[in-house]
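Welcome, and please open your viewer. We will start with the whole chain and then select a few places one by one.

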Amino acid sequence: MKGIKLFLLSVIFLIGCDQEKPPAGIIGEQKMVRVLADLHIMDGYISTLSYSDTVRITGKNYYATIYKKHNINKAAFEKSLKYYTRQPALLDSMYSQVEIILLKQEVKLIKIQQDNLKKPQVKQ
């Protein structure tokens with residue numbers, strides 16, 4: 001009898017600890033983090049441009065390029081974003097990872113800028 005109770009308790013524990021798996025068609029967490037980081041970089045770039053119809057159209061093409069890079073489409077991204085926004089703690093954790101990626105990119109860019117400033121200028 002003691003063995004059956006232990007077995008049932010173990011089963012209940014395992015079921016309770018099982019994380020809910022995302023539904024079909026949802027981009028995995030780590031891939032979504034990389035997509036979000038790329039999209040935020042693109043948003044930053046686009047925000048530096050003067051707004052016009054050309055920029056709006058070009059911006060759509062930039063986003064399509066990011067989707068293609070990650071082998072996803074806009075519909076899959078939007079469905080996944082909707083899914084993750086319903087789980088604020090998870091989305092917050094994901095955005096912490098996005099922030100780390102963006103900070104690393106910023107550090108790389110600053111280093112490149114500093115290296116370029118150190119190079120002797122060639123007179124023409």
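Begin with everything selected: the protein has 124 residues, and 21% of them count as buried, where buried means under 20% relative accessible area, exposed over 50% and partly exposed in between, with a 1.4 Å probe and protein chains only. Please keep in mind that this is a predicted model, in which local features need pLDDT of at least 70, side-chain atom pairs count only at pLDDT 80 or more, and totals for chains, interfaces and linings use all residues. Residues are numbered from 1 along each chain as its sequence is written, and side-chain values use heavy atoms, with hydrogens and water left out.

**The whole chain**

Switch to a cartoon view, and you will find 5 helices and 0 strands, in the order α-α-α-α-α from the N terminus. These elements are DSSP runs numbered from the N terminus: helices are H or I with at least four residues, strands E with at least two. Among contacts with a separation of 6 or more, 79% join residues 24 or more positions apart, a contact being heavy atoms within 4.5 Å.

**Where α2 meets α4**

Next, select residues 29-47 (helix α2) and residues 74-85 (helix α4): they pack at an angle of about 110°, with axes 12 Å apart. The axes are lines fitted to C-alpha atoms, for helices over the stretch in contact, and angles run from 0 to 180 degrees between N-to-C directions. The pair is therefore roughly perpendicular, the term for 65 to 115 degrees. To see the contact, show Glu29, Met32, Val35, Leu36 and Leu39 of α2 with Phe77, Ser80, Leu81 and Tyr84 of α4.

**Zoom in on Ser80**

Stay in helix α4 and center on Ser80. Is Ser80 buried or exposed? Ser80 counts as buried because its relative accessibility is 0%. Not counting residues up to four places away in sequence, Ser80 touches Gly25, Ile26, Ile27 and Met32. Then look for the backbone oxygen of Ala76, 2.8 Å from a polar atom of the Ser80 side chain.

**Last stop: Asn71**

Finally, move to the loop between α3 (53-69) and α4, where Asn71 is placed. Asn71 has a phi near 55°, a positive value in a residue other than glycine. With a relative accessible area of 67%, Asn71 is exposed.

How values were computed. Angles under 35 degrees count as roughly parallel, over 145 as roughly antiparallel, 65 to 115 as roughly perpendicular and the rest as oblique. A polar contact is a pair of N or O atoms within 3.5 Å; within protein, one must be able to donate a hydrogen and the other to accept it, and residues adjacent in sequence count only if both atoms are side-chain atoms.
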